[in-house]
There are 2 protein chains.
Amino acid sequence: MTEKLTIRDIARLAGVSKSTVSRVLNAHSNVDAATRERILNVMQEHGFMPNAAATGLAKGHNPLIGLLVPALTWELVTDVLQGVAAVIEDTQYEIILYSASPEKDFSFIIDRMLATNMAVGLLALLHTQSPQHLVELHERGLPVVLINHVASRANLPWVGIDNAAAASAAVRHLLDLGHRRIGCILGLPEIPCTHDRYQGYCQALHEAGLEVDPALVLQGDYTCEGGRHCARQFFAMDTPPTAIFASNDLTAYGVLQAAEEQGIRIPEDVALVGFDDIPPSAHVQPPLTTIHHPFKEMGRHAAQLLLTLINQRDVYSNRRKKGQVAPVEEQITPSHIILPTHLVVRKSCGATFTINSI
Amino acid sequence: MTEKLTIRDIARLAGVSKSTVSRVLNAHSNVDAATRERILNVMQEHGFMPNAAATGLAKGHNPLIGLLVPALTWELVTDVLQGVAAVIEDTQYEIILYSASPEKDFSFIIDRMLATNMAVGLLALLHTQSPQHLVELHERGLPVVLINHVASRANLPWVGIDNAAAASAAVRHLLDLGHRRIGCILGLPEIPCTHDRYQGYCQALHEAGLEVDPALVLQGDYTCEGGRHCARQFFAMDTPPTAIFASNDLTAYGVLQAAEEQGIRIPEDVALVGFDDIPPSAHVQPPLTTIHHPFKEMGRHAAQLLLTLINQRDVYSNRRKKGQVAPVEEQITPSHIILPTHLVVRKSCGATFTINSI
DNA sequence: TTGTATGCGTTATCAC
DNA sequence: GTGATAACGCATACAA
């Protein structure tokens with residue numbers, strides 16, 4: 001079964017020419033309804049599927065969407081993949097996975113992708129600066145969407161969150177619980193969202209009429225070890241903070257470890273809030289209050305946006321071929337999407353009523 | 001830059017014909033060394049990369065390796081991806097991602113994959129029975145490797161672990177700590193490794209001269225909730241077990257939750273051992289003693305095995321074309337690979353000396 | 001509405 | 001060793 005049939009075979013079986021088969025394959029309108037039906041039947045009957053390579057060659061590109069992810073270590077990657085897959089798999093496209101690592105940066109992969117002419121679009125999940133390469137690709141006409149990267153400078157479409165607002169909400173929660181000395185453990189300075197989260201911290205304090213005490217702001221690195229290190233510094237102070245805002249959940253885990261080492265109780269002695277809501281956060285002891293980062297939704301929205309862009313480009317290039325110039329009632333597509341975040345209140349912050357504890 | 005050059009352009013620039021360019025592209029031996037060098041230079045200079053679709057069409061298949069994963073929820077998927085990516089990205093192949101869900105089973109995806117003629121091989125990460133479809137694919141000549149699935153009946157290549165031996169080691173550890181009443185929370189019956197892990201449990205008891213007490217074997221479902229439910233049953237017994245072997249880490253988390261609910265201390269009152277060593281297990285309180293499941297290594301080995309199989313097939317088909325019949329000194333490739341596991345001793349089992357606690 | 005002819009970029013089969 | 005030329009399977013401008 002599923003012998004390698006070609007449109008030629010289908011054409012013969014249906015008593016038409018290859019062209020007509022190709023037309024129904026591409027949903028062209030100018031095909032007689034009866035003929036279309038007949039061809040469709042033959043296809044169904046024989047389980048025909050067009051050869052992708054041939055289609056790709058003729059059309060100039062393959063039905064592939066590149067997904068560029070950093071070293072696949074983050075829990076977030078799984079979620080993003082899920083979101084992307086959920087959308088893409090309902091379409092004709094396939095996902096082709098590119099992973100980058102420090103040693104092997106994207107530039108190589110991207111060149112290869114473009115040169116071999118395999119993909120029609122690219123989703124890129126980045127945690128460092130957006131490489132100039134992506135901008136180039138975009139300017140050359142390859143649809144590109146950045147995931148989790150609010151690149152206001154670069155004119156690339158992206159989907160992300162408002163890190164500052166989210167961080168602000170987290171800190172405000174601590175303020176509402178009565179805390180006034182709130183420590184902050186920063187993330188890696190080279191990652192853009194680090195700055196935004198710090199800004200959110202500052203803003204929440206300002207809005208509460210408080211000054212930012214530089215002694216309460218320590219430099220972390222988004223790792224467990226970094227968090228542990230900073231927490232020890234906090235705990236060693238004459239007047240330690242009564243609450244800590246950690247720039248991500250891993251950092252918060254480090255704080256938990258340091259606290260346990262020194263017999264400091266969380267949240268009784270020190271309240272703690274993280275950021276990202278990665279899976280372990282529901283299981284650590286005490287469960288971590290944190291900002292839910294909608295990774296899956298980001299993947300979903302990014303994929304949808306990309307599909308829209310691909311579609312638009314196709315429509316545009318078709319028009320151009322047909323001599324039309326001015327876009328008629330062009331559909332406006334937002335190219336920057338900010339998804340909402342929310343605070344997940346668990347036990348580590350000491351709020352009296354906890355919701356969604358698992 | 002990187003304008004769309006074809007071998008035709010390269011040929012012109014190097015003063016040769018397309019054929020010769022194609023030959024150096026495919027590393028054919030019958031090309032003059034000087035000519036080859038010249039062509040290679042021109043390619044390098046212009047950053048030429050052959051169009052993949054065209055190559056695929058001419059050769060009959062694309063340089064793509066399918067990776068079939070279940071619903072992308074498991075932490076394990078991330079690790080497997082890493083392992084696979086690490087190997088595949090050093091080759092000419094790309095990874096094309098297929099994800100399956102209960103509603104959308106593989107058969108569709110597989111047919112599509114085969115029919116469209118996109119991939120040269122398939123890696124499949126399964127947690128249920130190996131679908132007959134994969135066997136069909138394999139018998140039709142498509143290299144297939146199963147990941148984390150010891151399918152002794154089906155004649156498919158696979159890489160997995162010895163679940164029984166690993167479970168046995170976990171239970172033996174509890175026995176060595178002096179426990180005699182050891183509860184067991186089973187996984188889903190439809191998943192093959194469930195049975196193996198239970199066998200390991202039984203075997204360890206038998207080797208210690210103990211009988212399996214049916215009252216101490218509860219039916220879980222590999223989820224947190226299932227574990228919690230079973231743990232409550234255990235704790236409600238007149239003489240509860242002094243130790244629990246959970247069939248996976250999520251189940252163990254449920255036990256931890258149930259214990260905390262009821263003020264039962266782990267490991268002081270009940271010792272606990274899990275299975276899989278997913279990332280949160282190092283962070284839960286107390287950190288979980290568990291069997292390390294080498295997901296990443298499985299991915300790596302599976303990818304390598306697949307590449308070997310693809311290569312063998314190519315060599316074979318080439319030989320056949322050239323009229324050779326008998327394989328000369330055929331390289332024997334193991335088609336079944338069992339990777340070692342090990343017990344990661346953390347605090348939940350109550351062992352006095354703990355290693356690798358984070 | 002349908003068929004014919006040509007091109008997509010590469011590989012492979014021939015000759016030379 | 002090298003160069004024409006025919007596939008590979010499909011899409012499409014053009015003719016009918």
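**The surface near DNA strand C**

Reply: Four helices each supply at least two residues of the surface near DNA strand C: α2 (18-25) and α4 (52-59) of chain A, and α2 (18-25) and α4 (52-59) of chain B. The model is predicted, and the distances below are computed from it.

In total, 25 residues surround DNA strand C, and the closest are A:S19, A:R23, A:T35, B:I7 and B:S22. By residue type, this surface divides into ten nonpolar, eleven polar and four charged residues.

B:S22, one of the closest residues, has a polar side-chain atom 2.7 Å from a phosphate oxygen of DNA strand C. B:S19 instead faces a base: one of its polar side-chain atoms is 3.5 Å from a base nitrogen of DNA strand C.

Next, the strands. Strand β2 of chain A, residues 94-99, is mostly covered, with six of its six residues buried. In a regular strand the side chains alternate between the two faces of the sheet. In β2(A), A:E94, A:I96 and A:Y98 lie on one side and A:I95, A:L97 and A:S99 on the other, and all of them are buried.

β2(A) pairs with two strands. Within chain A, strand β1 (residues 64-69) runs parallel to β2(A) and is joined to it by six bridges. Across to chain B, β2(A) and β2(B), the latter also spanning residues 94-99, pair in the antiparallel sense over three bridges. A:L97 takes part in both pairings: A:L67 has A:L97 as its bridge partner in β2(A), and A:L97 stands opposite B:I95 in β2(B).

Last, the cores. In soluble globular proteins, nonpolar side chains tend to be buried together. Here the largest nonpolar core has 156 residues, and those with the most contacts inside it are A:L123, A:Y201, B:L123, B:Y201 and B:F245. Leaving out residues up to four places away in sequence, B:Y201 touches B:A167, B:V171, B:I182, B:G183, B:C184, B:V212, B:L216, B:V217 and B:F245. A second, separate core has 48 residues, among them B:L68, B:F106, B:V135 and B:L142.

Terms used:
Residues are numbered from 1 along each chain as its sequence is written. Chains are lettered from A and ligands numbered from 1 in the order in which they are written. This is a predicted model: local features need pLDDT of at least 70, side-chain atom pairs count only at pLDDT 80 or more; totals for chains, interfaces and linings use all residues. Side-chain values use heavy atoms; hydrogens and water are left out. A residue is near a molecule or strand if one of its heavy atoms lies within 4 Å of it. A polar contact is a pair of N or O atoms within 3.5 Å; within protein, one must be able to donate a hydrogen and the other to accept it, and residues adjacent in sequence count only if both atoms are side-chain atoms. Ala, Val, Leu, Ile, Met, Phe, Trp, Tyr, Cys and Pro count as nonpolar, Asp, Glu, Lys and Arg as charged, and the others, Gly among them, as polar. A nonpolar core is a set of buried Ala, Val, Leu, Ile, Met, Phe, Trp, Tyr and Cys residues joined through side-chain atoms within 4.5 Å. Buried means under 20% relative accessible area, exposed over 50%, partly exposed in between (1.4 Å probe, protein chains only). Contact means heavy atoms within 4.5 Å. Two strands pair if DSSP finds at least two bridges between them.
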